Amino acid sequence: MSAASTIAPAPTRPLTMPHRRIEPTIVERQKGSHETESKTRKSGTSQCMEALARANKVRLARAALKRDITAGRRSITEVIMDSPWEAESMSLSELLCSQRRWGRARSRKLLSSTALSEGKRVGTMTERQRRLLVAALEVKLATRLA
């Protein structure tokens, strides 16, 4: 006897649904709401444009900072200690990788030795964390140059 022959067919019952009529609702625009809506749209658009302008300003300033670090015009230890406005929202990993010949693996190794996260933002570091990272960086950079 096969397994298919032992299964009883399901009882056939007609599916019934309650028959209710749903009436459409008519929503009329109130007087003056169009003016309020257009003002909101305008202020929302200008706020959006301001946010985009600020984001572009930060992006360009970060790119310039990274170029300065790569070229050697600014030291990374100076950036970490001073924490300029353009570097405040940068992650430590992003900042460390902007150095010449400094890859993600090397920055991970350095940060794990100092017990700092790669995603830690420069602006949120405490003074103690800054000193600790700068000391570790100076040791690494001194051994690299020697």
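Q: How many salt bridges does a search of the whole structure find?
A: Side chains of opposite charge can pair when their charged atoms come close. In this predicted model, the search finds six salt bridges.

Q: Which residue forms a salt bridge with Glu94?
A: Lys66 is a partner of Glu94, and the closest N and O atoms of the pair are 2.9 Å apart.

Q: Which residues are linked with Glu94 in a network of salt bridges?
A: Arg62 and Lys66 are linked with Glu94 in that network.

Q: Where does Arg62 lie, and is Arg62 buried or exposed?
A: Arg62 lies in helix α2, which covers residues 33-71. Its relative accessible area is 18%, and because buried means under 20%, Arg62 is buried.

Q: What is Arg62 in contact with, leaving aside its neighbours within four places in sequence?
A: The contacts of Arg62 are Glu86, Ser89, Met90 and Glu94. With Ser89 there is a polar contact between the two side chains, at 2.4 Å.

Q: Which residue forms a salt bridge with Asp68?
A: Asp68 forms a salt bridge with Arg73, with 3.0 Å between the closest N and O atoms. Asp68 is partly exposed, at a relative accessible area of 22%. Arg73 is exposed, at 58%.

Q: What parts of the structure does the salt bridge of Arg108 and Glu118 tie together?
A: The side chains of Arg108 and Glu118 meet at 2.9 Å, N to O. Arg108 is in helix α5, and Glu118 is in the loop between α5 and α6 (127-145), so the pair ties together parts that are ten residues apart in sequence. Arg108 is partly exposed at 44% relative accessibility, and Glu118 is partly exposed at 27%.

Q: Which residues of α5 are buried?
A: The buried residues of α5 are Ser107, Leu110 and Leu111. Seen down the helix axis, these buried residues fall within an arc of 95°, so they line one face of α5.

Q: Which exposed residues does the face of α5 turned away from the buried side carry?
A: That face carries Ala105, Lys109, Ser112 and Ser113.

Q: What is phi of Ser83, and is Ser83 buried or exposed?
A: Ser83 has a positive phi near 50° and is a residue other than glycine. Ser83 is found in the loop between α3 (76-82) and α4. Ser83 is buried, with a relative accessible area of 10%.

Q: How many aromatic pairs does the structure hold?
A: A pair of aromatic rings is described by the distance of the centres and the angle of the planes. The structure holds zero such pairs.

Q: Where is Arg100, and how far apart in space are Arg100 and Thr70?
A: Arg100 is in the loop between α4 (92-96) and α5 (104-113). Arg100 and Thr70 are 30 residues apart in sequence, but C-alpha to C-alpha they are 5.2 Å apart in space. Arg100 counts as partly exposed, at 47% relative accessibility.

Technical notes:
Residues numbered from 1 in each chain as written. Predicted model: local features only at pLDDT ≥ 70, side-chain atom pairs only at ≥ 80, totals over all residues. Heavy atoms only, no water. Phe/Tyr/Trp six-rings, centres within 6.5 Å; stacked < 30°, edge-to-face > 60°. Helix = DSSP H or I, 4+ residues; strand = E, 2+ residues; numbered from the N terminus. Buried < 20%, exposed > 50% of the residue type's maximum accessible area, 1.4 Å probe, protein only. Polar contact = N/O pair within 3.5 Å; in protein donor to acceptor, adjacent residues only side chain to side chain. Contact = heavy atoms within 4.5 Å. Arc of directions from axis to C-beta. Salt bridge = Lys/Arg side-chain N within 4 Å of Asp/Glu carboxyl O.
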